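Here are a few friendly notes to read alongside the picture. Take them one at a time, and look for each part as you go.

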Amino acid sequence: MMEPQQITPISVGDVVTKAEQAKKDGNRLVQIGCTKIEDNFEILYVFDKDYKLTNYRITVKQNDEIPSISGVYFGAFVYENEIHDLYGIHVTGINIDFKGTFYKTAIKHPFSVTIVKEDDACQNK
Amino acid sequence: MSKQITIPFGPQHPVLPEPLHLDLVLEDEKVVDVIPTIGYVHRGLEKLVEKREYTEYVFIAERICGICSHIHGQTYVQGIEQIMGLEIPERAQYLRTIWSEYSRLHSHLLWLGLFADSMGFESVFMNSWRLREHILDDLEATTGGRVIQGVCKVGGVRRDIAPEKLDEMVKGLKGIEHELQALTNVFLHDSSIQHRLKGIGVLSNDDAYYLGAVGPTARGSGVAIDLRETGYAAYGKINFKPVVEYDGDCYARCAVRAKEMFTSIDIIEQCAKKIPDGPVDMKVTGAPDGEFLARAEQPRGEVIHYIKGNGKKNLVRHRVRTPTFTNIPPLVTLLKGCDLADVPVIVLSIDPCIGCAER
């Protein structure tokens, strides 16, 4: 088994500060990912140093604005543009802002809709 | 200051089998800025977790990529197994490790061939792919698939490898090792290749680390990140050292991949000696309830499968961060300041897999 992981909830206002601290502590940015849970969007920031992960999570609504950390980690622009294009969440201050053209999708913000299936019994239960 | 012009590179280009677009801002022949664009063929595979049970979804995960298919499947099931607290049989761990290293071998040989072709060395391209056939034959013989292996499942693997076949595989790899050495010698010592690669597309150690480079792109710049060191599957019981180069140029990234092939052969040989007898899978009941960031070392570097379940048959979220996706920002830095003529070689030097990035 691998080591258990912890995710620390933080507020939107702490995102840039936490990213700055992570970089100061020698972490690299591993990824930023979004998950839709009912009407909320969980955004997970993952940093790594010596194979040890530090994970922060913010929870926002679709109309909320979140600050970009691309001023701290230049490479964050790929994740932030992805979150905007797939989920419709507005990220402010991205260093390379594609303004919705990073992904060419047939429908706008395709991941902001959840397909709900009936909760029937698991096949292998 | 010279007048700046912007020229498009891709999405259709002779060195790009997949669509990646770069807007290259030039002053004379020098690249001064780069704007990358992907997203031409984004498939939205992650969304299918809402339609496929978590046990079936492994077939989708394997189809994220046609080169590192097995490792995508393996990372996905490792994440599920971690959430469900499953300790799968040790033999299955070793088998996953063997197939992972075969995947690395065939991926690196594929890349070496493409890289040689991008420099006009078509005979080296042909020889790389000829040797790759040997690897693909073994993958097909043991898994049933040359491209999509389909052997990983939640709770173990679907196929076993007989001890006689394992011996035959190791002998086969030893048999082609001298040919691999001859091929590697061309990449490492041929003066034309050195002239084409040395000092081109330099990525500093700090840039590699903080821009998020992974795999040979990071290790070519002295950043010794290799997720196999975390000991997932059977790697914790195998002795190996990551291959690291320090010059950060195209030659260093090429050297890492060339040398890693011999590490892979050594790991497979160790696995064949140490693999225990026993079952290769276990019964799995229930559904994952929790979340986990599963990580593994693909041929192109660290891959992440974030999995979140709520105890139901369909996962809440499956998100994949592929190595190529995180190697795009370093690519932008690599290209700044280079000559226009070097752009194709530099782009290929990160081994871009747009199929993965457009999961």
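1. Let's start with strand 3 of chain A, which covers residues 40-49. Seven of its 10 residues are buried, so the rest of the structure largely encloses this strand. A residue counts as buried here if 20 or more other C-beta atoms lie within 10 Å of its own. Please keep in mind that this is a predicted model.

2. Which strands pair with strand 3 of chain A? One of them is strand 2 of chain A (residues 28-37), and the two run antiparallel, joined by nine bridges. To find this pairing in the picture, look for A:K36, whose bridge partner in strand 3 of chain A is A:F41.

3. Strands 3 and 4 of chain A make a hairpin with two residues between them. The turn includes A:D50, with a positive phi of about 50 degrees.

4. Now look at where the chains touch. The contact involves 32 residues from chain A and 39 residues from chain B. On the chain A side, strand 2 of chain A contributes the most, with seven residues. What kinds of residues make up that side of chain A? There are 18 nonpolar, nine polar and five charged residues.

Terms used: Residues numbered from 1 in each chain as written. Chains lettered and ligands numbered in written order. Predicted model: local features only at pLDDT ≥ 70, side-chain atom pairs only at ≥ 80, totals over all residues. Buried ≥ 20, exposed ≤ 12 C-beta atoms within 10 Å, placed from the backbone. Helix = DSSP H or I, 4+ residues; strand = E, 2+ residues; numbered from the N terminus. Pairing = 2+ DSSP bridges. Contact = placed C-beta atoms within 7 Å. Nonpolar A, V, L, I, M, F, W, Y, C, P; charged D, E, K, R; others polar.
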